Amino acid sequence: MKSFVFPEFQIIRDEEKCGQCRGCERQCAFGTHTYDPVADRLVSDDYKCVGCQRCVVFCPKDAIVVRPSPSYYRPNASWSREKLEDLKKQAETGGVILTGSGNDKPFCIYWDHIVLNASQVTNPSIDPLREPMELRTFLGAKPDVMDITFKDHEVKINTKLSPNIMVETPILFSAMSYGAISYNAFRALAMAARKSGTFFNTGEGGLPREMREEFGKYAIAQVASGRYGIDAEYLNCAAAIEIKVGQGAKPGIGGHLPGEKVSATVARTRMIPQGTDAISPAPHHDIYSIEDLSMLITALKEATNYEKPISVKIAAVHNFAAIASGIVRAGADIIAIDGLRGGTGAAPKVIRDNVGIPIELAISSLDRRLRGEGIRNRCSIIAAGGIRCSADVIKAIALGADAVYIGSAALIAMGCTLCQKCYTDKCNWGICTQDPRLSGRLNTDIASQRLSNLIAAWSHEIAEMLGGMGINALESLRGNRDHLRGVGLHEWELDVLGIKGAGE
Amino acid sequence: MPRIRRELYTKDICACSIFGAMNRDGERFNGAGVMKAIANMHVRGNGLGGGFAAYGIYPEYEDYYAIHLMFTGKNQEDKLSAKRELDAFLCQHFDVVYDEEIPHEDETTVSDPPLVWRYFALPNKKGDDALLTDEDYIVSMVMRVNTRIENAYIFSSGKNMGCFKGVGYPEEIGEYFMLDRLYRAYTWTVHGRFPTNTQAWWGGAHPFSLLDTTIVHNGEISSYGTNRWYLEMYGYACTLQTDTEVIAYAADLLMRKQKLPIEIVAKILAPPIWNAIDRMNETEKKLLTTLRMVYGPLLMNGPFAIILGQTGKMIGLTDRIRLRPLTAATRGEMFYLSSEEASIRLISPQLDRVWTPNGGEPVVSELNSMRKVLQ
């Protein structure tokens, strides 16, 4: 069937600059560029281009420009180009439109409507270059009361403490499974977590055996509905365990790893046959209610000798705060909430773009809910989905999060350009693919260096902003909405965020 | 979930002078000396707030809670109507043995004074409240009055102690309540205020107190929002539009309810930095790491120097990087804390020892014995 969809991108090649080195041809897994030996020139097929910019960056002569196609349908406010083209594609295939990464629709980004405070006169701002500035954070349940006894100048803590994990900076790598991302990308995250004093999350794809001893203590081991790659050793080698109930990019549905990406080693790690689609079920089939979740939490605690905090990750949906409160009461030590703009390796586009609520509102309402019930210190909150810079991190913390997960941001640090083709196994940047020819492009050492550079840069910026507010320990900013003001928001939005308008 | 309206509270910001004097033998003395000392730091305040806490002033009612209240309002009628409402409330929940207006000088000497009254009372616990300890009961009643009865504020609620405060320079407030003539205390703490952004009102002056814990505070708490939500989880309502009350409530929660000693409480309010903790021996490291982990939301961030008063105790503490001044001194049985050494020297030129406490390290002075206080 002839496709009526025209190219998304236009490739412009400067023939004067092009040296016919065929680099672009080799770089593009989608087969966009081909060499015509008769004419001794490279020919590009706009139809195949996904706009990942790999060829542009790697062209030694800077001869290529890839830009959005200037062709357009007759402008129509209701029928945007995207709506028209999605519809055409479905008419041509009869299928669900798949996509990758996060929601790209113009929902309000509340981060950009929140401004931070700074000290002037009455409270000296603190210079992080000269004074200590502390970002260390503990994730896990805290007791209400500490029972301490003194005997012969010896202090004894009688309270039995729940296990906590410690991060040197409140930024963790979000769940990205080996399978969704390449081994090199996965390993780079692990190495960067170790170097930066934080944690990476295994996602639902297990942890390759040879990585367990070396990187287990920097891993949060995910247990998802497909139960891929889970055994006792996997659970016990990790620092913490996370039950994945939902994901911001696709609340209400399970995981999707297309068979193309299930290579021999992915298959071994996940304990599934090579080349089969790894479609994890939408619900956990042993969790149909909160009491079932409570049993799974307890089972995991039993399996790990009560030595590891248990996190439960849910997508931020309409009534999630009440659910999260139940999850805390069910015994979870950490609640990870993933907002509307959270990323994914593969999801139906209609779900990604329409389900869930923005993370900013979710953090605030969850924090307030748990405070109102007096159980805020019985769990930590990790916020995920749409964290783009250090200012987003610090705003998330002031709204009530303990720490954040970064997924898309980490991928971008490694080279991702958010082309949204993660489900094709053709990632030209070597991140989201199991094709050894492509994944080999990602140098683990360099990628992990880029990741730890990112964490270091954001941590420095957080320290600068914190010092400016006259605060030298991050725990004093947690839930401290007094340091935030809203600009250009409605009254109801300010109410949900619990912040004053600027100037109020 | 019904939408909760965002709070539009105002946080008070002020710079200040603080002074404290204690006789560790329990000999009681009048307020003339501390009034002279705080007047010496006149320029650290701006006349928008001054106050005193005095311990041991009501020996004749030592077994009763001395509840100091202010009734505010635009006119006398408003104040009296608030008092009527409060009286009805007190009759139900307390056995009041004696009450009177707190004696004062001519009202024209100060600006816009509220009606200030004191009650000596015992709890009259009924129903579910009977399960509470007396102290918890008093705390819940204070919270109830301060949040529910308009124009009535309890600003002092301990036994054998009392706060006196208002808008004006502290020496003026001292004269207004005749502290140099009518009262003798073994501990006096004083505060002169320089608020920058809130309209001055009598309830907003220091000290802040709950039961017998009083706080005078110089500084700004930039962790206010965090401290506040943590305390609210334990039932402390922050109503006085200032950051200082969170210190008073934190002290109450940690010292009275959770029974932690001051040395530990100081490490919660102003903990050592992680660099220092990481270098400590295993036991200390474990203790301090646990304290920071559990009580992180009670870390008081931002510049502060406080004098915390309790029955038989006076404690000075500064923030962990010591952004506000505090000097400690002793002379015989007298123990002094002050923003400036000059004020101490003014009333006691000869001192045995004068020092500047390190940031985050509490200076604790305790009565040698309660004997004289009880006599």
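A: In chain B of this predicted model, an open sheet of four strands runs in the order β5-β6-β4-β7, with antiparallel pairing; two strands pair if DSSP finds at least two bridges between them. Strands here are DSSP E runs of at least two residues, helices H or I runs of at least four, numbered from the N terminus. Since β5 (94-101) and β7 (152-156) of chain B sit at the edges, each has a single partner strand, so one side of each is left without a neighbour in the sheet. On average, neighbouring strands are turned by 30 degrees against each other, direction ignored.

Now for the β4/β7 pair: strand β4 (residues 65-71) of chain B is joined to β7(B) by four bridges, and the two run antiparallel. B:His68 has B:Ser156 in β7(B) as its bridge partner.

Then the helices. Helix α2 (residues 76-93) of chain B lies across β4, β5, β6 (115-123) and β7 of chain B, at about 5 degrees to β6(B). Angles run from 0 to 180 degrees between N-to-C directions, using axes fitted to C-alpha atoms, for helices over the stretch in contact. Contact is when C-beta atoms, placed from the backbone, lie within 7 Å. Helix α3 (residues 134-148) of chain B also packs on the sheet, touching β4, β6 and β7 of chain B, and its direction makes about 140 degrees with that of β7(B).

Bookkeeping: residues are numbered from 1 along each chain as its sequence is written, while chains are lettered from A and ligands numbered from 1 in the order written. As the model is predicted, local features need pLDDT of at least 70, side-chain atom pairs count only at pLDDT 80 or more, and totals for chains, interfaces and linings use all residues.

Note on methods
Two residues are in contact if their C-beta atoms, placed from the backbone, lie within 7 Å.
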